[in-house]
Amino acid sequence: MKRLALLIVILSGGLLLYATKDFPSWGDPNSPASTHVSPRYLEKSLEETAVPNVVTAVLADYRGYDTMFETTVIFCAGVACFMLLRKFEPEERDLYYRHIPTGLTLHIKGEKQIPSTSKEFEKIDAIWTPYDFIINTVSRFLVPFIQLFALYVIAHGHHSPGGGFQGGVILGASIIVLAVAFNLRTAVRRFGEKIDGIMSALGVFIYAGVGAFCAILGAEFLNYRALAKILPVGKVMARSHGILAVEIGVGIAVMAVMICIYNNVASEGKFDEGL
Amino acid sequence: METIHSIRPLLAILASLFAIPLIVGFSRRPAMREFWTFAAAGSKFLIIVSMLPLVLTGRRVTCTIFEIIPGVPLQLTVDTLGLLFALVSSSLWILTSIYSVGYMRGLGEHSQTRYFCFFAVALSATIGVAFSANLLTLYIFYEILSLATYPLVTHHQDEEARSSGRRYLAYILGSSIGLFLPAMLISYHLAGTLTFSASGFLGASISRKVLMILLIMFVFGAAKAAVMPLHAWLPAAMVAPTPVSALLHAVAVVKVGVFVIIRIITGVFGVNLLKSLSLTTPVIVLACITILCGSLIALSQDNLKRLLAYSTISQLSYIVLGVSLLSQRGLTGAFIHIPMHAFGKITLFFCAGAIFVATGKKNISEMKGLGRQMPITMAAFFIASLSIIGLPPCGGFLSKWNLVLGSIEAHRPLVLVVLLVSSLLNAGYFMPVVYKAFFFKTESAVAGVKEAPLCCLIPLCLTAIFSIIFLFYPQPFYELISHALKCIIGAGV
Amino acid sequence: MTGNYPALLVTVPLLAAFVIYGCSWLHKRSCLFMALLGLTIPFAISVALLKKVLINGHISYHLGGWDPPWGIAYELDPINAIVLVAVTTVALVNLIATSKEIETRFSDRRGAFYALYLLFVVGLLGIVATGDLFNLYVLLEIASITGYSLIAMGDPARAPLSSLNYVFMGTIGACFYLLGVGYIYIMTGSLNMADVHALLPPLYHSSAIVVAFIFCLVGVMIKMGFFPLHSWLPNAYTYVPSPAASLIAPLMTKVMAYVMIRLMISVFSPKFVFSSIAASNAVVWLACLAIVMGALMALAQRDVRRMLTYIIVSEIGYIVGGAWIGNATAMSGAVLHIINDVLMTFCVFLSLGAIARSTKGYQIENFSGLFKKIPVTMATFVVSGLSIIGIPPTCGFFSKWYLILGAIEGGHYGFIVVLLLSSLINIILFFRIFEEAFFVYPKTNAVHTEGEASIAIAETPFVTLIPLVLTAILLIFTGIYSGSLIALIIKPVVSAGLL
Amino acid sequence: MDFLLTHLVAKYNFWLYIILMMIGLYAMIAKNNLIKKLVGMNIFQTAIILFYVSIGSKRGGTIPIVEHIAGGGEHAINPTRYVNPLPHVLMLTAIVVSVSTFGVALALAIKIYQRYKTLEEDELLTRIRES
């Protein structure tokens, strides 16, 4: 196997390297890649979409269709992790509870269980690692700031590096921080699986829905100009708003999917204490 | 030649297919099921007969279904040759159906519904081959026939039947896909058409070598004609119930193979092209070898049906031989051998089946003295074997006579010798059977045996009688054949 | 609204997938209905599009209203319109036929299953319709990721590992394709297929473009399981759950084969592929090897499903060989074979799925006596088997006809021999199953006894049976009408670029 | 020397990325441990991302965020001042794809580990053969 791998690697690497001789040199402003299609984006994007961040304009408008599927890929990954890993039936019926005031662990065999509303008992796994006070406090304190920053990244994607993907990941991280610092159950209590599932679908649905809405309004799919018919702005600004709507959708979807993947992978689909 | 467009050829094919749902639907009521078989057989025969006057007045009935490949429509055309073959097959189907009822019930066979269904499909395909207007249509029906007969061959479902079925498929499908299909494609590539025409569609512009290879591929590709060395499936297929062997492996299937070769020689290459390049010599040689070897092997057989199978192999090559002689008499002999051999051989198979139903015996050595117990059957057997040997007062004499004349006409004296030797051999393997039946003392095993049921007996008597009648009233056949020859030879000579 | 059909074709199932997954958290029972709706609409749209393309000719749809080199465009010609119809048909019919099994087998995660099912279809539809090289990559990944996860839901012992191997191979394939696109982009600065096609001719002799072509091609060939690169395929398609098997096995490899033809004709040009790169002979020989090896390995299998996976490998060899012979007849044959193979693989896998209800496993021995038990289901299996062998009038015969004819024209006699040989091997493969199913009774080797009494008829439920029978009939109809398929749809497009 | 200058030095970026890619590819094919294969896959994909991004670079170009006067003043934009945005957009997609593939692959690896308690390929094969 190793020799075969080496052979394949040398062969394909050699081919790839050999072909670089026809490439324009690095950073050449006159290379075809820089002169054929891309100048128009740089020259016209502000005029056509009112978005100064050209990457955002290309991402969400010129090639918005790609990005819709990109979001769909993320969604696919989330659904796939859920489908592959989620276990609804626990393997062992034994339950463990920690009595919070005393720190004693209660082991229940059989069908009985303590209602989840109980304030005194907390459901735990067979092995329980104590919480770290400093980490807990700091992370709890940080979460709102992380989220605020995430919203900023999404909202300010038109003017600076950022956008739905980046913001969505940060937003997701804010919940995952909780899951890491406390445990998965805490995080899931804050942001339930059901809500998460619905939001992941909702996010992409917003994106594709905006596109379909444009089609309903009589333009091409994802042609945000059509939104000018219902928004009190001009056609160019309508594009800018369309991009924002879409970015929000992306942000929601990415956040929800990140959390979904983390929850399923970290707990092997059991949704217990997690890592 | 005037062409009439009509859906009658299509109806003739579909008649038996329409019966299938009814046969399946009445699978629990044997009487109704068999009634529908008869209805299909009768209506098929009537439709075919109804086209007879049209064709005899020199017209041609065509039915184009649609274009299946550019330039090659799925098309049916009824000409005299096809009609002759269709008449023989469909009339014998009626008789075989009667016989089947007697045979299958007599033995209490299983899966009779399946049996009748596939029989009907096989007949449809046979008529389809007879009426095909081009090579592709012919090939399609040819393959359907191959597949439809497979469940009939494997009917008994035991290990022997299954291995025979495997061998049957291997030979038939293997040759048709491996040889016939590429030959057809190459022809299409060379000629741009596949429609049969009286002077052939493969032009003289093609090199002799290519034509020769194509001809050989076609002849072996139609393995149903059992030209040696692709003959071994036929004896193997004898494990099937006797009516199957009788109709399909003496009439329909094997004659389809021969018919395909006739079509290839007359419709694809054209008699004149072959004659001018004398391409058929290898085919003649192959046919002669098959005739002699088939008869020789038949001499050594003890199982009656296997003997008949080898006899069929050798008789089929008479037809191939007659056609490849390319002379008028030879062609006449070949064409007339189709009905003559069909009626003769089906009688023999009916007899073998009747003996099996009555006694359960399959081997000749166990049939000593049977003539006294089953006089009618054995008499029919005697008449039919005379016909196959080619002795008057039976129809077989006519075909042999014409073949002999044809070989002289084609200046091939060796063929004449082969024909005569083969006739002697034929007598050599049939006469002992008859002799043992009538002149040996009845063995205890078959003592007290009665004739087979009436359903079995009537068809075999009828076919035997027809074998005799044909010697004295060959006119209808001659008329059809002379029409056919006018097209084939008259087009050029 | 009709102007938006090309986009709606892809986005309707997309939206449906999102709605289904969202709804599955609230109301599980409505999922199936929405999935059906989400596939019926695209089916209708694809048929309408085919009609439109046949009347008006080529359709170009600019997504977002941006003109092609800057935005993304969908390009529809008669060939991909018919492939789209094939994809939507198979997806819809398969969902109807297998819905019962999905509902019971994946009852706790049916929303996810339907969503992935629809997204897989979305990916394939997009791949076929798109006119943008990079968009194709994204859609390819959608189809792949959903494919991986659907496959992994099969036999818990083997499916995840098979699927992971597929992930590795598939990722290598996709990355190779992406690299190839990168090389094209460096040299031309464009990602739009038509634009690249126009920009390429002066660059045909550039080694970067040749390497780009090789990498795109190898990437696509990995995805379609072309012979030396097929190692992921047999395991992945053997352990996949049967409702997904009859979706993935017919579609994925064939759509990728279509992508290869598309790359050869509309991105690069036949002139480049057949003249600048003198590799067509080598590829045809490789295809011959693929056909023979596929057939031989199929011969060595006792597991029917595994046998079929090797037949897929062999069928892919047909398509590649036909495409690379390089004349219009063979190319038409290859395109026709894509459509035919979609249908016959679908039929055979669907009937196998239905058969699996009545057997313990997929071993040939388990098939004994099945014809008595499930006659109609077995009949459809027989029809699809005959089609794969290539018996007229089923459709498999006609694509072989054009392939062989093209090979005769191109003088590739080895390819003809191999095609015929594989047909012969297919006869053995299928007839040993037929024999077992028709003529062997389980346990007792009954001779001359009534078998009906021992085996009761337990036919497949109608919801599966009717689609199955319709598919089998479709196999014959496609065969009969293949002449018009070629003349109306395939030939005009193919011969535009070829001799 | 000329060759080195024109092909190696001027395009050393491509050389580096291709070598990186091949390291990843080698790991994907040759490594025995499934997680190592996954890591190789990530290296491979990341190298491709780097490769694409380097296509977009322009000497003297800055990030493609167009400078504009608040209120949308019109002035000609010089495209040579900004790097090519298109590869960045494409790679955003590729990153997402690689993350998704990685997520699914990890889920599969977990499933495999749950059943066989190993991720070494040879051990997996022997265990499958045993069962």
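Take the contacts in chain C between residues at least 6 apart in sequence: 79% of them join residues at least 24 apart. Two residues count as in contact here if their C-beta atoms, placed from the backbone, lie within 7 Å. Keep in mind that this is a predicted model, where local features need pLDDT of at least 70, side-chain atom pairs count only at pLDDT 80 or more, and totals for chains, interfaces and linings use all residues. Residues are numbered from 1 along each chain as its sequence is written, while chains are lettered from A and ligands numbered from 1 in the order in which they are written.

Staying with chain C, you'll find 20 helices and two strands; these are DSSP runs numbered from the N terminus, with helices being H or I of at least four residues and strands E of at least two. Its radius of gyration is 22 Å, close to the 23 Å that the globule rule gives for 499 residues, so chain C is as compact as a globular protein of that length. (That radius is taken over C-alpha atoms, and the rule is 2.2 Å times the number of residues to the power 0.38.) Of those 499 residues, 70% count as buried, meaning 20 or more other C-beta atoms lie within 10 Å of the residue's own.

What about the largest nonpolar core? A core is a set of buried Ala, Val, Leu, Ile, Met, Phe, Trp, Tyr and Cys residues joined through C-beta atoms within 7 Å. This one has 562 residues, and Val87(C) and Leu116(C) touch the most other members. Leaving aside residues up to four places away in sequence, Leu116(C) touches residues of two chains, including Cys76(A) and Met83(A) as well as Leu150(C).

On to the chain pairs. Four pairs are in contact, and A and C share the most contacts. Chains A and B don't touch, with their nearest C-alpha atoms 38 Å apart.

Finally, look inside chain B, where the axes of helix H13 (residues 304-325) and helix H14 (residues 328-359) come within 8 Å and cross at roughly 170°. Axes are lines fitted to C-alpha atoms over the stretch in contact, and angles run from 0 to 180 degrees between N-to-C directions. That makes H13(B) roughly antiparallel to H14(B), a label for angles over 145 degrees. Among the residues that meet are Leu308(B) and Ile319(B) from H13(B), and Ile338(B) and Phe349(B) from H14(B).

Technical notes. A residue is buried if 20 or more other C-beta atoms lie within 10 Å of its own, exposed if 12 or fewer, and partly exposed in between; C-beta atoms are placed from the backbone. Angles under 35 degrees count as roughly parallel, over 145 as roughly antiparallel, 65 to 115 as roughly perpendicular and the rest as oblique.
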